[in-house]
Amino acid sequence: VQLVESGGGLVQAGGSLRLSCAASGSTFSINYMGWYRQAPGNQRELVAGISSISGTNYADFVEGRFTISRDNAKNTMYLQMNSLKPDDTAVYYCNAGRRDGLDLVLYEYWGQGTQVIVSS
């Protein structure tokens, strides 16, 4: 499975961006997709996930500003980010894979990341 992110860039605080993650290859077994981010000096952290088993989930810091969605026909996942803050500056990574009923990762794939910079 190959994952390609797009949509990152530079935006002013309060602005919006929409990230896309296009999946290709053997995607038929994927039941989970998510967005993670990593800022310099920080660990990679979950932003939002969408699962065919458990639905959607968001990190607390999202605070209703982001929306994750998935277009199965296009094998593409999106992250609509509104009201962006400088603290949202990070490389955003697409993650996809298969999880079991306990949400344990069976296997997963990662994209190369897309940079998001939010200026104050």
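Reader: Which residues are linked with Arg37 in a network of salt bridges?

Author: This is a predicted model in which local features need pLDDT of at least 70 and side-chain atom pairs count only at pLDDT 80 or more, while totals for chains, interfaces and linings use all residues. Residues are numbered from 1 along each chain as its sequence is written, and side-chain values use heavy atoms, with hydrogens and water left out. A salt bridge is a side-chain nitrogen of Lys or Arg within 4 Å of a carboxyl oxygen of Asp or Glu. In the network, Arg37 is linked with Glu45, Arg65 and Asp88.

Reader: Is Arg37 buried or exposed, and how far apart are the closest N and O atoms of Arg37 and Glu45?

Author: Arg37 is buried (under 20% relative accessible area; exposed is over 50%, partly exposed in between, with a 1.4 Å probe and protein chains only), at 6% relative accessibility. The closest N and O atoms of Arg37 and Glu45 are 2.9 Å apart.

Reader: What is the N to O distance in the salt bridge of Asp103 and Arg99?

Author: Asp103 is partly exposed, with a relative accessible area of 39%, whereas Arg99 is buried at 12%. Their side chains meet at an N to O distance of 3.4 Å.

Reader: How many salt bridges does a search of the whole structure find?

Author: The pairs discussed include Arg37 with Glu45 and Glu63 with Lys85. For the whole structure, the number of salt bridges found is 5.
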